[in-house]
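Here is a short tour of how two chains meet, followed by a look at what lies inside. Keep the structure open while you read.

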Amino acid sequence: MAATEIDHAIVAAARDSYSQLVAFLTARAGGDFSAAEDALGEAFLAAMKQWPAEGIPAKPEAWLITTARRRLVDSQRRGETRSRLEGQLLVALEDAQELADSEADFPDERLRLLFVCTHPAIDPSARAPLSLQSVLGLDAARIASAFLVSPAAMSQRLVRAKSKIRAAGIPFHVPGPEEWPERLEFVMDAIYVAFNSGWETMLDPDSPDDGLAEEAVWLGRLLVRLAPDEPEPLGLLALMLHCHARRQARRGKDGGFIPLLRQETRLWSKPMMNEADELIRQAATRRTPGRFQLEAAIQSVHAARAVTGLIDWPMIVRFYETLMTLTPAIGARIGHALSRSEIHGAEEGLRCLDSVKGSLISEHQPYWVAMAHLLKSAGRLEESSEAYRKAIGLTENPAVRAFLISENS
Amino acid sequence: MEYMLLFTESAEELAKRNDPEKAPAYWAAWSAYAGTVATSGHMVSGAGLQPPDTATTVRIRDGQRQVHDGPYAESKEMLGGFFVIDVPDLDTALEWAARAPSASNGSTEVRPVLPPPPAQS
């Protein structure tokens, strides 16, 4: 078999089951997450050496588990792993052997791993990145880019969190249902950060890196599968799908940024919008509204423009009002002000924005974009120009920056 | 903590400064960015720089002066300017670095400013 085919097989195994393999090994290595990762890394290296010569095994995952388990035992013999793991490693050995022999799929331990990563004993700033790394196998550098911190600092944060898991003896189990919503929130935040950082790079046609949004959608699907009774993961997936459905419409022929209300709806993906709406309906049957469900519902009202040609602004205002009772997030208040202005005029929007004051707004780009837009609609051009300059100075994305500059001239 | 943001731009990007069609958008982006950093209260100092072909480089080797036109080494990305900002930590410095127009056209390097060395006795 050609070397590239082998590479593809290894990449595919890594892509599809890395997190499953890590979770499986961690569950059987007494929660030693780092040891499980190291062993699996070595197993992948071994695969790159052996598979080209021996062919791809019938059950690649089982092969990787067996190999990783051997590495764990080896490193333990060299005294690198503490002895209390010995018994558990033997269990892992037997499990792996059974797995290799049987036709059954191996158990999915990723949900348990997610709950470990979001345990209250772990530094809150590490929970979301750690979840991304453990479940998706994203490397520290990409996670660092998504959260805009230095890769060295992110690595350190992850390493500290992992040793805390081991040192504090954080249990590797699924907590009672009452703890689910709070823990899942960190996981959903992580996925949404990944989605948005991918979305931003997709605005840039020169960027070779447009995979993170797709990965986030994939993760969203995984979370729905792992926690099928929770409504918020359904909302998160629906929200991402609605945004993702518009990716073809966000840029003009010249590469320029096109804001939502000016997008051509025929470029939106119908199947994705339909899937998103179906997810929102499913979530609504649980009768527990949440932030992601509401944001998805707002996007669903926008999506309806593709069919009706109209936007039901009063409906959007009502969703934002409910959203503001659930979250103090500034984004909800900005969205509320903008949707009110669509019904009652720019001055009403500005009046709503007036209530959003304080240090929070001084460096909040969407606030200044909304401000600039409303002041311009109200004919207050001098103030609007000042707000545009502030928004431009806070913008990272070159297409959005160019758009704002042209709006201001 | 003080950090220096070094704005590195491509030759194409620097050329926009003197292109009648592209200069307005180029300067609009930079002046909005500089204005926003200034009003944020984080600005310590900073300046834009003339392009590298206006540079003159001096070296002393074996007691001899050597004076050259231009920068010491040619490179694809050129230093277009710098700010020194005072922010609580590296994460905040990175946020400001990402907002610089050079981040999407060239790069923005972030370096902690060295505190003054201890006084010599």
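How much area do chain A and chain B bury between them? In this predicted model, the two chains bury about 1500 Å² between them, with 56% of it on carbon and sulfur atoms. On the chain A side, A:Leu148, A:Glu363 and A:Arg401 supply 33% of the area buried against chain B, more than any other three residues.

The contact involves 15 residues of chain A and 20 residues of chain B. The rule finds 1 salt bridge across this interface: the side chains of A:Arg157 and B:Asp91 meet at 3.8 Å, N to O. Between the chains there are also 5 residue pairs in polar contact, counting pairs with both residues at pLDDT 80 or more.

Which helices of chain A each supply at least two residues to the side that touches chain B? They are α19 (381–393) and α20 (398–407). Helix α19(A) gives the largest share, 4 residues. By residue type, the side of chain A that touches chain B divides into 6 nonpolar, 3 polar and 6 charged residues.

| Core | Residues in core | Members include |
|---|---|---|
| Largest nonpolar core | 87 residues | A:Leu40, A:Leu64, A:Leu130, A:Ile191, A:Phe195, A:Met240 |

Methods: Residues numbered from 1 in each chain as written. Chains lettered and ligands numbered in written order. Predicted model: local features only at pLDDT ≥ 70, side-chain atom pairs only at ≥ 80, totals over all residues. Heavy atoms only, no water. Contact = heavy atoms within 4.5 Å. Buried area = accessible area lost by both parts, 1.4 Å probe. Salt bridge = Lys/Arg side-chain N within 4 Å of Asp/Glu carboxyl O. Polar contact = N/O pair within 3.5 Å; in protein donor to acceptor, adjacent residues only side chain to side chain. Nonpolar A, V, L, I, M, F, W, Y, C, P; charged D, E, K, R; others polar. Core = buried A, V, L, I, M, F, W, Y, C linked by side-chain atoms within 4.5 Å. Buried < 20%, exposed > 50% of the residue type's maximum accessible area, 1.4 Å probe, protein only.
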